[in-house]
Amino acid sequence: MAQDHSDGAAAEAVLALHRFGLGPRPGSIAAIASDPRGALLAELERPGIGRIDNPELLTSAQSARAAFEARAERQAQNIIAERAKKAAEQAQAQAMNGEMTQPVDAPRPAATPQTEPTEAPRRPAAAPQAEPGRTPERQNFLKEVKARLDAAVDAEIGFAERLVWFWSNHFCVSGYTVANMAGGYEREAIRPHVLGRFADMLLAAEGHPAMLVYLDNSMSFGPQSVAGINRTRGLNENFAREILELHSLGVRTGYSQEDIIRFANVLTGWTVISVVDNPEHGAEFIFNRRLHEPGPQQVIGKTYPDMGVEQARAVLLDLARHPATAVHIATKLARHFVADAPPPALVEHLAKAFRDTEGDLKEVAKALIASDAAWASPRDKLKKPCEWVVAMVRATGLRGDPERFRRGQVGLGEPLWFPPAPQGFPDDEATWIDGIGRRLDIANSFAQRVAQRADPNGVIDTALGPLARSETREAVARAESREQALVLAFMSPEFQRR
Amino acid sequence: MPSLLHAPTRREILLGCGTLFAWAYAPKLARAEGRDPRFLVLVLRGALDGLALAAPVGDPDWLKLRGDNALALDGKPSALPLDSFFALNPAMPNLYRLYRAEQAIIFHATATPYRERSHFDGQDVLESGLTKPGASDSGWLNRALTLLAPDERVNSLGSKAFAVGPVTPLVVRGSAPVMSWVPQYLLPASDDTQARLLELYRHTDLKLARALEGRKDLIAVARSAAMDTMEPQDQPTAIGMARVREYFADASGAAAKYLASPDGPRVGALSLFGWDTHVNEGAATGQLAGFLGALDGAVAAIEHSMGAAWSETVVALVTEFGRTARVNGTNGTDHGTGTVAVLVGGALKGGRVIADWPGLKPASLYEDRDLAPTTDLRAVMKGVLKDHLRLDDAALAATVFPESRDVKPIAGLLA
């Protein structure tokens, strides 16, 4: 049906949508076929791109406080229930023993024991929950999941969302420690800066309470700080090490163990207000000078005078400017978007853009799109599970279900906002390819749910267009059922790779 | 969220990413001797504090070094004496029972050749078996597999390695293929759908074909062994110790069931996370003791699930490096060097701590901070691979652990 000429344009559009975006939705290929590169660049210029504007979502600090309050309340309810049970048991025992043995001050055997504390929660014992069995913190988490999934499914191309995912994984926190802040963290520290300056994102991420808790800095005391001396507590070097190794310079780039310790000294005092003590500002950032190691510190050959909170900012700004950071970021970006072993020329091209623009991430993203090497690489990068799942949903034109999505990601080994370690989820084929059988089960389950509403040939045309191999079209055409046809389309190599 | 400020750091537990084993080729030489050996490697990710698992209670500098955080024979609860010098963390009664039954060996002051302190690079060296991090796409266990007897297959299931969990650890990646298994909670695709997809892959993408074949063969093993499916791991919310214990035991027990199965894999590996104890590590009780207790439960689950095959089993517990000898400013420990390695299994000549003890005086510590390494972990692993699976010295030095000619296999580990 299509001419050779337009087939070529369509092929570049499909490549653009899979490699740099989140996969085609119905009509996507035609919509950008006249100028795929221009369409990618145009998405970056859209007002508000990369942000989530949803008044229903709590800030990370509100969410942490709400979770704390909810748990405290549940704990109190449990204690009340236990006391009531005990009182009832005592009353029963006393009734059996007769009145003689009843102590003078025994609690009355009543449904509401006298022992109830005066500071008992204001809400009734069976606090109403919007969804039975789901705690408020779980509901908040699912709202965050839904907001993120919707942003991905609704994006026209999804280049900006891919950048958000990349940076969120680069500066990851993990729900194993900060489940109630993870969604808010991404909206607060990552999204505002994905098309801004790297230095600003670095400052926002490292100064975010979720990160300070996750990498233990909230508990790190300068050994010679007032609080360190008074409480005989000291340094935790974890945060400094991971900033250098994972977030900025990269491993084996010349910094020493001494640099790590001195940088850890610099970072002391960057901490988080306690949710226990402060119901209004708990879980917010605070620079606490009492914890801060006094005096100048030498980090990677440069001495930073003690300027309080500014001392660490000064180090972070220098790290953002360091040439090793440019190479580290360029390598990871090229690996993520193009190939596990990206062309060195592409890495250098991105590193140069990073250096020349002092880490302007929109310019770096544009440099990626402008590079012919980024387009010319063979289309064989295996999608990560979340990229593949979202592409599947987008190809049908349907909505994603947040709870199913969350569970699916757990089964695929990439649970949303729960990376196993500070380096985030790996970004290579060797990590994910053995999960292909698992993808088959997920595709099967998804296909069974959408088969009534999604046409397999339509999905192939929508998602792959001219890139669909004849073998794939044939297998889909010969399938014994719509479900099976959809599974084969979603599982085809063209759909798994980008 | 009370855990926000007070909870121990448990960031490295990942339920969805548990485990993996590998296997396929028959340990031919061992079989010729009438044995059918099993070998399971548990990779403890995050850097286990070896001094907290087995403490040198006989070292005069020990109490000075760790103070209140030191395991002690008169502590509460008290450490379990291993010999006149070392004592085991009381959170590990099963390991202690097996040690007393001469089915466990603890190696102390061990390390891989890696001397920096990055988890990522450290695990890379631990699992690749190379001397330096980076640039390896295969692990030593996979390379060991390929050497066993590449011309003789166990059965029609063919040359597959076996994985539990959707993410394959490096130690078993490589040319010996991997089959992976994760607990089911969805209806799996039909055999017919799978066959059609495999046919498509065979014509279009051989790497995907190989990955999918692993799943197919695994299902066959599971069916022939009539195995139960496990409960779904679908709740990665803040994790309590009970859940950690449950997961460690379930994942390890499932691994053992596959290894014990007559036509199942013979060699495998799985990852257990949670050892990066920067804050409030504890000692005989507390955070790390909780994880050690879970690990102890995993050992018991393996023993139980292996059944009769336990007598032919060696399980290795290894980690990327140790932690600082001294406690850090937040009652935890930071990344270090020397640590322990543990072998446990019915095939061992156990009941021993093997260590060339370097001492704990400041001058004896590595870079004045870490337990100095005196035993190369590769010597331990080579000892097992040689005597248990019958790999020869030359192959061990050239292929399994390249550039390791000077690292001799430790002899006499097997009963």
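Figure 1. When contacts in chain B with a separation of 6 or more are considered, 76% of them are accounted for by residues 24 or more positions apart. The average pLDDT of chain B is 83, and 80% of its residues score at least 70.

**Figure 2. Two stretches of chain B with pLDDT under 50.** Over residues 150-160 of chain B the pLDDT stays under 50, and for this stretch the model has 24 contacts beyond four places in sequence. The pLDDT also stays under 50 over residues 226-239 of chain B, where the model has 31 contacts beyond four places in sequence. Where pLDDT is low, the predicted coordinates should not be read in detail.

**Figure 3. Chain A as a whole, with its stretch of pLDDT under 50.** Chain A has 498 residues, of which buried residues make up 52%, and it contains 26 helices and 4 strands. Taken along the principal axes, the box filled by the C-alpha atoms of chain A is roughly 100 × 65 × 40 Å. Among the contacts in chain A between residues at least 6 apart in sequence, 71% join residues at least 24 apart. Chain A has an average pLDDT of 90, with 92% of the residues scoring at least 70; over residues 100-131 of chain A, however, pLDDT stays under 50, and the model has 27 contacts beyond four places in sequence for that stretch.

**Figure 4. The packing of helices α9 and α14 of chain A.** Helix α9, residues 198-206 of chain A, packs with helix α14, residues 309-321 of chain A, at an angle of about 140 degrees, and their axes are 9 Å apart. The two helices α9(A) and α14(A) are therefore oblique to each other, and their crossing is right-handed. On the side of α9(A) the contact is made by F198(A), A199(A), L202(A), L203(A) and E206(A), while α14(A) contributes R313(A), L316(A), L317(A) and A320(A). The residues of this contact of α9(A) with α14(A) divide into 7 nonpolar, no polar and 2 charged.

**Figure 5. Q311(A), a residue of helix α14 of chain A.** Within 10 Å of Q311(A) there are 24 other C-beta atoms, and this residue is therefore buried. Leaving aside the neighbours of Q311(A) within four places in sequence, the residues in contact with Q311(A) are V266(A), Y304(A) and D306(A). Although Q311(A) and V266(A) are 45 residues apart in sequence, their C-alpha atoms are 6.3 Å apart in space.

**Figure 6. Helix α24 of chain A beside helix α8 of chain B.** The axes of helix α24, residues 470-477 of chain A, and helix α8, residues 191-204 of chain B, come within 10 Å and cross at roughly 165 degrees. An angle over 145 degrees counts as roughly antiparallel, and α24(A) and α8(B) are therefore roughly antiparallel to each other. The crossing in which α24(A) passes α8(B) is right-handed. In this contact E471(A), T472(A) and A475(A) of α24(A) meet R196(B), L200(B), H203(B) and T204(B) of α8(B), and the residues divide into 2 nonpolar, 3 polar and 2 charged. The model scores ipTM 0.85 and pTM 0.79.

Notes: Residues are numbered from 1 along each chain as its sequence is written. Chains are lettered from A and ligands numbered from 1 in the order in which they are written. This is a predicted model: local features need pLDDT of at least 70, side-chain atom pairs count only at pLDDT 80 or more; totals for chains, interfaces and linings use all residues. Axes are lines fitted to C-alpha atoms, for helices over the stretch in contact, and angles run from 0 to 180 degrees between N-to-C directions. Angles under 35 degrees count as roughly parallel, over 145 as roughly antiparallel, 65 to 115 as roughly perpendicular and the rest as oblique. A crossing is left-handed if the near helix is turned anticlockwise from the far one by less than a right angle, and right-handed if clockwise. Two residues are in contact if their C-beta atoms, placed from the backbone, lie within 7 Å. Ala, Val, Leu, Ile, Met, Phe, Trp, Tyr, Cys and Pro count as nonpolar, Asp, Glu, Lys and Arg as charged, and the others, Gly among them, as polar. A residue is buried if 20 or more other C-beta atoms lie within 10 Å of its own, exposed if 12 or fewer, and partly exposed in between; C-beta atoms are placed from the backbone. pLDDT is the predictor's confidence in each residue, from 0 to 100.
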